[in-house]
Amino acid sequence: MDLWQEMERIKQLKARYFRTLDTNDWAGFAACLTLDCKARYQGGKLSLDGRDEITAFMQRHMSADTLLSMHNGHHPEISVETGGTHASGIWYLQDTIIDLKRRTQLTGGAIYTDAYRKEGGEWLISSTGYHRTFECVEPLHEQHRVLQNMFQPRKL
């Protein structure tokens, strides 16, 4: 086991988790999680158990074409346990969520804590969750215009 390659695979997994969330690729999102994954978001206020429950929740709450999100994970601290089948990670999250229906923008930061398990030679997230460091919600200004929205065809 090359420790650096294993850590890089875990970094790519977390990047895929964020990308599939923001692009509403629910099959890709589910493929990042173990079947028995546990999610504890918002400091545990939102608890979800199992890949299907986590994916269904995200799909229900993040799939509107009027909801635009950007999740960035920074500064990973990854530890791979001896044996190379379990690992843990801490990430700094920076996120922006624009809700065109409610005319608001959320900007936030959080600390993610993950556990990973290698199954079939691939790393998957076996538990995930975050504690907010801050969260701000502001109304969008009247002049605020979205010029590109991947979920709506561009009108010329």
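Visitor: Is Tyr-130 buried or exposed, and at what relative accessibility?

Guide: Tyr-130 counts as buried, at 10% relative accessibility. Keep in mind that this is a predicted model.

Visitor: Which ring pairs with the ring of Tyr-130, and how should I read the pair?

Guide: Start with the general idea. A pair of aromatic rings is described by the distance of the centres and the angle of the planes. Now take the case here. The partner is Tyr-41, with the ring centres 5.6 Å apart. The planes stand at 45°, so the pair is tilted.

Visitor: Where do Tyr-41 and Tyr-130 lie in the chain?

Guide: Tyr-41 is in strand E1 (residues 33-41), and Tyr-130 is in strand E6 (residues 122-139). The two are 89 residues apart in sequence, so the pair ties together separate parts. Tyr-41 is buried too, with a relative accessible area of 2%.

Visitor: How many aromatic pairs does the whole structure hold?

Guide: A search finds seven aromatic pairs. One of them joins Phe-18 and Tyr-112. That pair is edge-to-face, with 5.7 Å centre to centre and 75° between the planes. It links distant parts of the chain: Phe-18 sits in helix H1 (residues 3-22), and Tyr-112 in strand E5 (residues 104-119). They are 94 residues apart. Phe-18 is buried at 5% relative accessibility, and Tyr-112 is buried at 2%.

Visitor: Which residues do the ring pairs link into a cluster?

Guide: The cluster is made of Tyr-17, Phe-18, Trp-26, Phe-29, Tyr-41, Tyr-112 and Tyr-130.

Visitor: Which rings have the charged end of Lys-14 over them?

Guide: There are two to look at. Over the ring of Tyr-17, the charged end of Lys-14 is 4.4 Å from the centre. Lys-14 also lies over the face of Tyr-112, at 3.7 Å from the ring centre.

Visitor: Which members of the largest nonpolar core touch the most other members?

Guide: Tyr-17 and Tyr-41 do, in a core of 33 residues. Helix H1 gives the most to this core, with six residues. Look at Tyr-41 up close. Leaving aside residues up to four places away in sequence, its contacts include Tyr-17, Leu-46, Leu-48, Ile-54 and Met-58. Tyr-112 and Tyr-130 are also among them.

Visitor: How do strands E3 and E4 run, and how many bridges join them?

Guide: They run antiparallel, joined by 12 bridges. E3 covers residues 67-80 and E4 covers residues 86-99. To find your place, note that His-71 stands opposite Asp-95 in E4. The two strands form a hairpin with five residues between them. In the turn, Gly-83 has a positive phi of about 105°.

Visitor: What does Leu-106 touch?

Guide: Leu-106 is in strand E5. In general, side chains in a regular strand alternate between the two faces of the sheet. Leu-106 counts as buried, at 15% relative accessibility. Beyond residues up to four places away in sequence, Leu-106 touches Asp-95, Thr-96, Ile-97, Arg-132, Glu-135, Cys-136 and Val-137. Thr-34 is another matter: its C-alpha atom is separated from that of Leu-106 by 29 Å.

Key: Residues are numbered from 1 along each chain as its sequence is written. This is a predicted model: local features need pLDDT of at least 70, side-chain atom pairs count only at pLDDT 80 or more; totals for chains, interfaces and linings use all residues. Side-chain values use heavy atoms; hydrogens and water are left out. Rings of Phe, Tyr and Trp (its six-membered ring) pair if their centres lie within 6.5 Å; planes under 30 degrees apart count as stacked, over 60 as edge-to-face and the rest as tilted. Helices (H or I, at least four residues) and strands (E, at least two) are DSSP runs, numbered from the N terminus. Buried means under 20% relative accessible area, exposed over 50%, partly exposed in between (1.4 Å probe, protein chains only). A charge sits over a ring if NZ of Lys or CZ of Arg is within 6 Å of the ring centre and within 35 degrees of the ring normal. Contact means heavy atoms within 4.5 Å. Two strands pair if DSSP finds at least two bridges between them. A nonpolar core is a set of buried Ala, Val, Leu, Ile, Met, Phe, Trp, Tyr and Cys residues joined through side-chain atoms within 4.5 Å.
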